[in-house]
Every structure is written in structure tokens, then in C-alpha cells.
Amino acid sequence: MKKDKLLWADDEIDLLKPYVLFLEDKGMEVVTVCSGQDAIDCCKEQNFDIIFLDENMPGLSGLETLSIIKELDPNVPVVMITKSEEESIMNQAIGNKIADYLIKPVNPNQILLSIKKNLHKNRIITQATTSGYQQDFSKISMQINDSFTTDDWKEVYKKLVYWELELENSDASMYEMLKTQTLEANRLFGKFVKRNYQNWIEGASSRPLMSPDLFKQKIFPLLDNEEQVFLILIDNFRLDQWRVVKDLLSEDFTFNEDLYYSILPTATQYARNAIFSGLMPSQIEKMFPELWVDEESEEGKNLNEEPLIRTQIERFRKKYTFSYHKVNDSTFGEKLLNNFNQLDKYQLNVIVLNFVDMLSHARTESKMMRELASDEAAYRSLTRSWFRHSTTLELFRKIASKGSKVIVTTDHGTIRVNNAIKVVGDKNTNTNLRYKLGKNLAYNPKEIFEIKDPESVGLPAPNISTKYIFALNEDFFAYPNNYNYYVSYYTNTFQHGGVSMEEMMIPLITLEPK
């Protein structure tokens, strides 16, 4: 293994000989110099893994030396060592992107810790993370097998997402073990949903918070308490994606994190309309036929969201004022920010952000986007980049400055599909890959979740013999004609509409401004 190469600049370097011997005994190569200029000359001739600089040296000071070294090699970690506890010196050092700041007297273990933190942190964290997951593996397996309630399953899913983020940069074998465990969890979760879903829709005591309950149980109570609320719905937003943007908001907000369950199909037309109306899809169709758009219609499936919100507010005899905004691109986002002060007059401001859904669709259709978002980690990274560099982060900061509460949620999640299941339908069958409805569907009932009586689960039935079928696990539906092309095109794409933890258990975050 290659030795770590260390440069140490101090005008009293001879007094530090015991430290140098200690580090050499730990397998490091240590180069010592007595001045800032000597340190700069060394950096011009050699590459170092880490540099230690005394701040108070004759000639060039440590801060002056640091500035020049950073011009020569911006990426080398530099540790400042000083007797001074002056805040101004600390600020200058931090401003010049030091890796660490140590105040004399220091001991050898402090030096060693700083080296480990800056050179070996990722390897040490990876080893500890791998060990932690190995120890937790059996516990999670038991937790999966012993999950009998919706809350049990939420805890399982949160645990799996935690380890997915922790193991993201670990060795492939650990990550594959986690994926296998997640597959098994989704298999059992699918069975759990098949056993219980109809009871939930019929109002059983075991029913979790679901799409139609969101306004009544989470938003109306805040408005009744005379609080201004921003409901920000990010289409296609999963728990893991929330976790990677959360820190961007932590300076401005505190968080109350939860999950709730999307209705089936886990698709915008059904789940989001259920949120905004407070009704199941079949109820919307009957009560507000002019606002329901069926599968066969060429009309956009989510064009009536604002009037649906209004119907729910009126149905509960509330007098809230509200605004509705849909942000499809940066132009809409800039316009919303420019007119932000106009939102003061509304008690409720509903904002739909469509980027993540657009990313999901673009990844399916574009080879370049598949390369950019090749797996879940890359998909999360693109989500974070959008959140940070679009108008979204500024929107949250403006809300925080107003002192308003924010509820961040979504209508459904998404899952990366890998296994095709054959299904046959007529020309009127819908195109979604994770759910199908029709009157002439042919399929293997053992492979899917089948709803023969749509009304019993709150779904509209265009025909008396209409059935709904839902894909489970990582499956997707493919037609027999042109089968191989269809399968190769859609394998490894992110889809939604079916039954999985990722699609059904979705973030519900209440943000309080600091």
C-alpha cells in the first residue's frame, strides 16, 4: 500500500521530531520545512497527500502560504496549526478552504486523527457502514417477516432507504445484498396490500392516512388554526429523494417527517386528483363528471386540479382563500418568485413542481438521460442538482422568510422495473406499464394484483366488465406483439402506477421556519 506523504511547515520543526517519528512509525512519509517559502518550493517540486502549516512563521505567514499553495494545488487538504484563538484568523483560514484547524498545544493523536479524517474518512466510513449493515441484516429480515400493520411497513421502508443511502458508495456486494433484501420486502409488501387494500378503502380501522385524507387531516387543521400554509407537491417524489435534498433546507426549517399511502393506481390522474378533491376517483366521476378525465380521453389527465381543490374546500364549508400554481419549467418558476409577494393574501398556496416526473419520463425516452440517471443513486443526484440550482430552493427560502408553514409531499413514488410480464388487451387498454384496465385483459393472475370490482376500491369502471390489474415488485406489463423490442426498451426505466413500497409509501413532511 502506498504511503501517505505529508508536508509539515513550522519554524520550530526541530522541536516536533517526536511527532514526526510517531507519524513515520504509523507508516507515513513526512517531509519537514522551516518556512512558508520552503513549503511553497516543495509543493512546486512534489505532490503531497496532506499539508500541515504553522500559522505564525517568519517571512510568509501560514495564511499567506496557504493562499499560494491553494493556487498551486486547490485539492490538497491543508491543516492550520496555531497558538492564536482569534476569530478573524479562523475566518480567514476557513475562507481559504482549510481542511482542519488545530490550536496548540497539539498531541500526536490529534495530528493522526486529522490525517485519518482528511485522507481515509471515506474508506473508514465505508468499512463501518458495511459492518453496520451486516449486523443489521438479520434484524431487518425479521422486521420484514414480522410486519403486519401499515406502520410496521413504514418502519421497514424507512430502514431500507436509510441503508440504501448509507451503502451508496460501499462495495458492490453489500449493495446487492440490500437490493435482494428490498426485493423480498416488496414481495411481502405486495401480499400485504393484496390482503388489506379493499378494507382500507372501505374505511377499516387499520386504514392508514391515504391520498383523499390529506387535506382533511393535515392541511385543514393548520388553516383552522389561522396559519398560512404552503402545500408543495413534487410529482413522483420518493423518500430517498427527499433525504438527499433535506440538508439544503436545514438552515431555514425544522422538519416533522412522516410517510403516507398513495391510493391505487399510483398515478397522477388517480392519486393526485384524490388528494385535491378529498375523494376517491369513482366519487369524483359521479359527483363532478365534468372534472373527471377517463383513460381513453385525449385531454390532459391533470388539468382540473384547481377546481378540484375548490370543490373540497366548499364541501367542508370552509372559507379559506387559496392559490394554485403549476411549475413545469424555469420560466414558470421565475414568474412565481417575481410575484411571490402576491401570495400573502392567500391562506393556502398550492404549488405543484413537475421536474422529477419530467425527469422520469425523459429518462425512459432519452438514451442520454438514461446514462445520466443510470441507477437510483444517479437519479437522486439529478434530483438534488435540480432542487439546488433551479428556482425551487429560492422558493423555500422566501417561504421561510415569511414564517409560513410548508407541507412537502407527492402523489406517488416510482420504481425501477426489470421484469416483463405478458398481458394481452384490446385497442382501448391504457398504456401505463404498471397498471392496466380493460374488459378483455388476459394475464396470469398469480403474477399481479387483480381488482375485478373497481367500485369496491373506489375506481371508475368504463364498462360493466372492466378490471384493473397492478404490477408488483419490479415487474412491468408488456404485450406479446413486438415483445423483445418492448422489453429491451422499458427494462431499467422508472415507472409508477403499481404496488411497491417506493410507489405507495411516500413522503409527508411538515416544515417549520426557524
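The model is a predicted one, so to speak of local features a pLDDT of at least 70 is needed, side-chain atom pairs count only at pLDDT 80 or more, and totals for chains, interfaces and linings use all residues. Residues are numbered from 1 along each chain as its sequence is written, and side-chain values use heavy atoms, with hydrogens and water left out.

The chain comes to 20 helices and 18 strands, where helices (H or I, at least four residues) and strands (E, at least two) are DSSP runs numbered from the N terminus. Its C-alpha atoms fill a box of roughly 90 × 55 × 40 Å along the principal axes. Of the 514 residues, 53% count as buried; buried is under 20% relative accessible area, exposed is over 50%, and partly exposed is in between (1.4 Å probe, protein chains only). As for contacts (heavy atoms within 4.5 Å), 74% of those between residues at least 6 apart in sequence join residues at least 24 apart.

Next, the inside. A nonpolar core here is a set of buried Ala, Val, Leu, Ile, Met, Phe, Trp, Tyr and Cys residues joined through side-chain atoms within 4.5 Å. The largest one has 109 residues, and Trp 153, Phe 189, Val 193, Tyr 197 and Phe 276 touch the most other members. Helix H8 (residues 172–201) is the top contributor to this core, giving eleven residues. Another core, of 20 residues, lies apart from it and includes Ala 39, Cys 42, Leu 63 and Met 80.

Helix H10 (residues 239–249) is largely enclosed by the rest of the structure, because eight of its eleven residues are buried.

Gly 333, Leu 336 and Leu 337 are buried; they sit on the same side of H14 because they cover an arc of only 100° around the axis, the arc being that of the directions from the helix axis to the C-beta atoms. Thr 331, Lys 335 and Asn 338 are exposed on the other side. The cover over the buried residues of H14 includes strand E8 (322–327), strand E9 (348–353) and helix H18 (392–402).

Helix H18 also holds Ile 399, which is buried with a relative accessible area of 0%. Neighbours within four places in sequence aside, Ile 399 is in contact with Phe 230, Ile 232, Phe 340, Ser 404 and Val 406.

Finally, an open sheet of three strands runs in the order E13-E15-E14, with antiparallel pairing; two strands pair if DSSP finds at least two bridges between them. Strands E13 (435–438) and E14 (448–451) stand at the edges with a single partner strand each, so one side of each is left without a neighbour in the sheet. E13 and E15 (residues 467–471) pair over four bridges, and Leu 437 has Tyr 468 in E15 as its bridge partner.
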